[in-house]
Amino acid sequence: MSGDGMSLRGQRQGRSLWQKIVDLSLTDVSVLVKGIDADSIEELERVLLEADFGVDASMDLVGELESAARRGKVKTEEELRDLLAGRIRQILEAAAPAESPGVGSPEFGAADAVRPHVILVLGVNGTGKTTTAAKLARRAMDAGLTVVLAATDTFRSGAQEQLRIWADRLGADFVGGQPGGDPAAVAFDATRAAAARGADVLIVDTAGRLHTQANLMEELRKIDRVIGRLVEGAPHERLLVVDSTAGQNVLNQVRDFGEGLPLTGIVLSKYDSTARGGTVVAVSREFGVPVGWLGTGEGDRDLAPFEVGPYLDKLLR
Ligand SMILES: Nc1nc2c(ncn2[C@@H]2O[C@H](COP(=O)(O)OP(=O)(O)O)[C@@H](O)[C@H]2O)c(=O)[nH]1
Ligand SMILES: [Mg+2]
């Protein structure tokens, strides 16, 4: 391939989803006269799948376009863009909202709220759980709330230390456990300590994998139960952290953890490292769990609430 071809390809990879869709020329005069053909539909499906929309959401969007085209509703690029934006918005807004107002939501921190508000942070190793726990702590502390961070991964020696360092840096309280100790016992101690100190928020970091024969999901459910026995309605949030660069694996992780525990929201970490934003739509469409947060870097302030408007603007600009 010539040097020119390579640079063209490079340019194409940096383009937004919308620019790639425009490249398909779905609204060219010839296409509109003949109706959208099977090849164009297949191409659109490919573009959506490559952007991590997943099979269900891609088929959904393509089906929406086909039926609108048949009714003569998409003749211009603007109409095509509005159609996609409208359907994606519907999918995102249909994902169930969290039962209780999370940290960062306007209702959070009401005087009559249960204390401590407990957040369980879940996910496989390396997705960004510990970093996210620190980011949530930072956010709560910036809002004037007191925070306890708990490290229940007693098997990986570095795991406890990593969260302890964050806690020191942030000025949050920290509760950890003995190496190899029972994770549920750490959760118990942390919840009791948070309640005794009158802390506003308890954030519980968990293991992504166990180094014993025990089943991870059983262990997590045990932690969840222990917390629930000590504080009314706790944990109030069960956030699954997924790596937005992990593509199809994200859907498997949401499925697996969602079968183990009722998730209240998804944190899409490393959003700064991907140009493929479709995961948000795929997760909402297939599981009805809302994406609540985007991780946008490695620092403690690199966490942004997920908002549909800006998301659509970026995707379809
Ligand atoms: N670029 C980027 N890196 C992140 C983000 N969140 C976490 N990381 C990095 O991902 C790596 C794993 O994070 P960690 O919190 O230890 O994951 P854990 O194993 O799930 O607890 C670390 O190097 C983090 O700094 C993010 O939103 N953006
Ligand atoms: Mg960790």
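**Helix α9 and its neighbours**

I began with the buried residues of α9, and I found them packing against β1, β2, β3, β4 and α10 (216-230). The model is a predicted one, so I read every value here as computed from it. Which residues of α9 are buried? I listed P183, V186, A187, F188, A190, T191 and A194.

Next I checked the length of α9. Its 14 residues should span 20 Å at 1.5 Å a residue, and the end C-alpha atoms are 20 Å apart, so the two agree. After the helix comes G198, and I noted its positive phi, near 70°.

**The sheet**

I then traced the strand order. The 8 strands make an open sheet that reads β3-β2-β4-β1-β5-β6-β7-β8, with mixed pairing. At the edges I found β3 (173-175) and β8 (303-305), each of which pairs on one side only. From one strand to the next, the twist averages 25°. Helix α9 (residues 183-196) packs on this sheet and touches β1 (117-122), β2, β3 and β4. I also looked up its direction, which makes about 170° with that of β2.

**Strand β2 and its partners**

I turned to β2 (residues 147-151), which pairs with β4 (residues 201-205) in the parallel sense over 5 bridges. Between β2 and β3 I counted 3 bridges, and these strands run parallel too. Which residues face A150 across the pairings? In β4 the residue opposite A150 is V204, and in β3 it is V175. V148, for its part, stands opposite L202 in β4.

How many residues of β2 are buried? I got 5 of the 5, so the strand is largely enclosed by the rest of the structure. I sorted them by direction: V147, L149 and A151 point one way, while V148 and A150 point the other.

I picked V148 to start with. It has 24 C-beta neighbours inside 10 Å, and 20 or more is the cut-off, so V148 counts as buried. Leaving out residues up to four places away in sequence, V148 touches A172, D173, V175, A190, A193, A194, A199 and L202. I also took the C-alpha to C-alpha distance from V148 to V175, which is 7.3 Å for 27 residues of sequence separation.

A151 came next, and it also lies in β2. I found 27 other C-beta atoms within 10 Å of A151, so it is buried as well. Beyond its neighbours within four places, A151 is in contact with A159, Q160, L163, R164, G176 and D205. A151 and V204 are 53 residues apart in sequence, yet their C-alpha atoms are 6.3 Å apart in space.

**The nonpolar core**

Last, I looked at the largest nonpolar core, which has 77 residues. Those with the most contacts inside it are V148, L149, A150, L202, I203 and V204. Why does this core lie between domain 1 and domain 2? Both domain 1 (3-94) and domain 2 (117-315) give residues to it, so it lies between them.

To finish, I listed what L202 touches, again skipping residues up to four places away: P116, V118, V148, A150, A190, T191 and A194. Three residues on that list, A190, T191 and A194, are among the buried residues of α9, which brought me back to where I began.

Terms used: Residues are numbered from 1 along each chain as its sequence is written. Chains are lettered from A and ligands numbered from 1 in the order in which they are written. This is a predicted model: local features need pLDDT of at least 70, side-chain atom pairs count only at pLDDT 80 or more; totals for chains, interfaces and linings use all residues. Two strands pair if DSSP finds at least two bridges between them. Helices (H or I, at least four residues) and strands (E, at least two) are DSSP runs, numbered from the N terminus. Axes are lines fitted to C-alpha atoms, for helices over the stretch in contact, and angles run from 0 to 180 degrees between N-to-C directions. Two residues are in contact if their C-beta atoms, placed from the backbone, lie within 7 Å. A nonpolar core is a set of buried Ala, Val, Leu, Ile, Met, Phe, Trp, Tyr and Cys residues joined through C-beta atoms within 7 Å. A residue is buried if 20 or more other C-beta atoms lie within 10 Å of its own, exposed if 12 or fewer, and partly exposed in between; C-beta atoms are placed from the backbone. Domain bounds come from an automatic or database domain assignment. The expected span of a helix is 1.5 Å times one less than its number of residues.
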